[in-house]
Amino acid sequence: MRGVAEVKEPCSLPMLSVDMENKENGSVGVKNSMENGRPPDPADWAVMDVVNYFRMAGFEEQASAFQEQEIDGKSLLLMTRNDVLTGLQLKLGPALKIYEYHVKPLQTKHLKHNSS
């Protein structure tokens, strides 16, 4: 029993999976952005807003790649899957998660918001 409790203790794992689910359905993204001091529209994010977004999502190591490449919100919204997988020189696993659970949903949400 003790081992199971210890596995559940770190809050970053459950929060990350919940965060990913919420990003997919769009229910929490804007709320979290406002709470963390970032503009609600990712197109308005500065480089550090992007970096902090990925740090908060649990990608501390990978966030520095966005800073090194000077990826701001507008650039983030223009990124393709290939850009994330190869252009940032990230490990494949985290790069796939970053694109599928964060970049792609942000792009979709931005398009829906601006087409209305």
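The model is a predicted one, and the count of aromatic pairs in it comes to 3. A pair of aromatic rings is described by the distance of the centres and the angle of the planes. For W45 and Y53 the ring centres are 5.2 Å apart and the planes stand at 40 degrees, so this pair is classed as tilted, since stacked requires under 30 degrees and edge-to-face over 60. Y53 also pairs with F54, and here the arrangement is edge-to-face, with 85 degrees between the planes and 5.0 Å from centre to centre. Two of the pairs are set out in the table.

| Pair | Centre to centre | Angle between planes | Class |
|---|---|---|---|
| W45 and Y53 | 5.2 Å | 40 degrees | tilted |
| Y53 and F54 | 5.0 Å | 85 degrees | edge-to-face |

As to accessibility, W45 and Y53 are both buried, and F54 is buried as well. Together with F66, the residues W45, Y53 and F54 make up one aromatic cluster.

Where does G37 lie? G37 belongs to the loop between α3 (29-35) and α4 (47-56). With a relative accessible area of 60%, G37 counts as exposed, because the cut-off for that class is over 50%. Although G37 and D49 are 12 residues apart along the chain, their C-alpha atoms are separated by 8.5 Å.

Key. Residues numbered from 1 in each chain as written. Predicted model: local features only at pLDDT ≥ 70, side-chain atom pairs only at ≥ 80, totals over all residues. Heavy atoms only, no water. Phe/Tyr/Trp six-rings, centres within 6.5 Å; stacked < 30°, edge-to-face > 60°. Buried < 20%, exposed > 50% of the residue type's maximum accessible area, 1.4 Å probe, protein only. Helix = DSSP H or I, 4+ residues; strand = E, 2+ residues; numbered from the N terminus.
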